[in-house]
Amino acid sequence: MQRDKQWRNLIAVSDLRKNWVTRVDFGNRPLAVYDAPSGVYVSLALCNHGGADLCDGYFDEHLIECPLHQGAFDVRDGRAIDTPATRPMKTFPARIIDGCVQIKI
Amino acid sequence: MYAVRVNCTREIEFHQNCEHKMQAVVTPLTQALSEGNLTREELRELMERSNGPALKWLAAWVAVALTTSSLVVFAWNSWLIWPTMFLHGIVIVHHFSLQHECVHYSVFRTRWLNKLVGTICGYIIVLPNRFFRYEHCDHHTYTQLHGKDPELIPMPKNITEYLLFLSSIPFWYARVNELLRHTLGHLNDQEKRFIPAVEQSSIIREARLMVMFYLAVVLLMYTTGLWAPLWLWIIPLILGEPVMRFIRMTEHVGRPTVAQRQENTRTNLVSWPWRFLCWNMNFHAEHHYASSVPFHALPDLHEKIKKHIYIEPAGYLGAHRDILAQLRKGPSSTYAKG
Ligand code: FES
């Protein structure tokens with residue numbers, strides 16, 4: 001039986017790299033947390049094209065660019081912006097409560 | 001639930017609802033960060049993008065290209081037209097270096113500028129930009145691995161093969177063949193592997209557009225009697241290509257055909273005019289370490305990781321001396337025995 005998704009604490013806002021991407025291991029799941037101009041967003045850390053770690057990539061406003069092939073995604077909705085990434089990346093609903101980033105998972 | 005290999009030694013497992021299977025790869029960059037060769041803050045600074053440095057470099061680039069093309073025009077009625085076309089050709093073939101940077105989206109911060117400039121360069125040197133991007137991605141994944149790296153230049157077996165490669169004859173044969181094959185709608189098995197199915201039709205369309213453009217240029221020259229593109233573009237491109245083949249050989253040929261970036265790629269220390277022409281791509285090992293670092297930051301990256309890469313201090317000539325020395329010693333002594 002599938003459990004309902006719940007909000008869970010991920011990382012303190014003060015521990016985020018400002019205007020950049022921060023890697024957080026949530027259990028054994030590597031996640032990328034983005035400090036973007038319009039808020040905080042969270043996705044899986046591994047690029048769905050070839051498995052590179054997006055947290056080593058280049059982050060610019062709402063765009064995360066993969067360090068291996070420079071495929072790019074919009075962190076707000078996971079949409080693939082540039083090839084060779086063609087599929088949306090997995091994102092998670094995120095919010096900030098009491099100085100802590102939470103995700104619904 | 002499935003397993004992901006990390007660092008080839010550790011395995012992690014995680015659930016990933018409705019996600020496709022995915023394997024973590026250890027990029028050279030991840031490795032450099034984990035080994036402490038580079039800190040995340042240093043990397044962030046190095047990756048900083050802006051349009052300024054590229055626009056300045058590009059302005060100088062256009063000035064150089066205009067100067068060399070003017071030399072061809074001034075030499076029009078003398079034998080000097082051939083050496084000047086060769087000189088101009090050296091600049092023309094280096095559009096490859098700019099296009100290469102553009103397919104990594106690192107030249108300009110504005111992403112569409114990378115696509116636009118990369119596409120224009122591709123038209124100049126007969127290399128469809130979108131296709132090159134896919135092929136080059138695979139080169140970064142499988143650098144120097146026989147049967148996998150689509151850009152691998154095999155170590156020549158003898159001096160004849162070496163000279164034949166430098167002549168550019170095999171290169172043009174393969175390039176034209178590839179373009180026509182794509183125009184006819186055929187992708188080979190290797191290409192189907194690295195070009196996603198949803199993108200294959202756009203690669204074919206891109207090749208058709210390019211062929212139509214060249215046919216239009218030929219038709220225009222023929223009907224107007226203005227043959228300037230032939231003397232200022234096409235012949236210089238053909239004359240200059242051996243120089244680009246000479247340079248391309250120095251990046252990986254003669255280095256071990258193994259996955260380790262510290263081994264399989266050569267950085268060549270060359271003088272500033274060559275660095276200018278190749279958009280710092282002589283820092284090739286650095287580029288393979290962190291391909292998101294823009295061309296203008298590669299010298300800084302070089303300073304940080306130079307102890308961890310292979311460097312040829314004598315530049316392109318030194319690299320060829322190395323290749324020729326390996327050739328003389330025979331196949332058993334060459335790195336590239338696959
Ligand atoms: S691994 Fe991310 S774009 Fe290829």
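The pLDDT is the predictor's confidence in each residue, on a scale from 0 to 100. The structure is a predicted model, in which local features need a pLDDT of at least 70 and side-chain atom pairs count only at pLDDT 80 or more, whereas totals for chains, interfaces and linings use all residues. Residues are numbered from 1 along each chain as its sequence is written, and chains are lettered from A and ligands numbered from 1 in the order in which they are written.

Chain A has an average pLDDT of 94, and 98% of its residues score at least 70. Helices (H or I, at least four residues) and strands (E, at least two) are DSSP runs numbered from the N terminus. On this basis, chain A contains 0 helices and 11 strands. Confidence in chain A is lowest in strand 8 (residues 80–82), with a mean of 94, and highest in strand 7 (residues 72–74), at 98. A cis peptide bond, with omega about 10°, joins Thr83(A) and Pro84(A); Pro84(A) belongs to the loop between strand 8 and strand 9 (91–92) of chain A.

The radius of gyration, taken over C-alpha atoms, was compared with a globule rule of 2.2 Å times the number of residues to the power 0.38. For the 105 residues of chain A, a compact globule would have a radius near 13 Å, and the value of 13 Å for chain A agrees. The C-alpha atoms of chain A fill a box of roughly 35 × 35 × 20 Å along the principal axes. A residue is termed buried if 20 or more other C-beta atoms, placed from the backbone, lie within 10 Å of its own, exposed if 12 or fewer do, and partly exposed in between. Two residues are in contact if their C-beta atoms, placed from the backbone, lie within 7 Å. Of the contacts in chain A with a separation of 6 or more, 38% are between residues 24 or more positions apart.

The contact between the chains takes 24 residues from chain A and 30 residues from chain B. The side of chain A that touches chain B comprises 8 nonpolar residues (Ala, Val, Leu, Ile, Met, Phe, Trp, Tyr, Cys and Pro), 7 charged residues (Asp, Glu, Lys and Arg) and 9 polar residues (the others, Gly among them).

In chain B, helix 3 (residues 52–74) has 23 residues and reaches 33 Å from its first C-alpha to its last, close to the expected 33 Å, where the expected span is 1.5 Å times one less than the number of residues. Its buried residues are Ala54(B), Thr68(B), Ser69(B) and Val72(B), and they pack against helix 4 (81–93) and helix 12 (228–252) of chain B. In helix 16 (residues 298–305) of chain B, Leu298(B), Leu301(B), His302(B) and Ile305(B) are buried. These residues cover an arc of only 110° around the axis, which puts them on the same side of helix 16 of chain B; the arc is that of the directions from the helix axis to the C-beta atoms. Their cover includes helix 1 (28–34), helix 2 (40–47), strand 3 (266–268) and helix 15 (284–289) of chain B.

Phi is near 75° in Ser168(B), a buried residue with 21 C-beta neighbours inside 10 Å, and near 50° in Trp279(B), which is buried with 27 other C-beta atoms within 10 Å.
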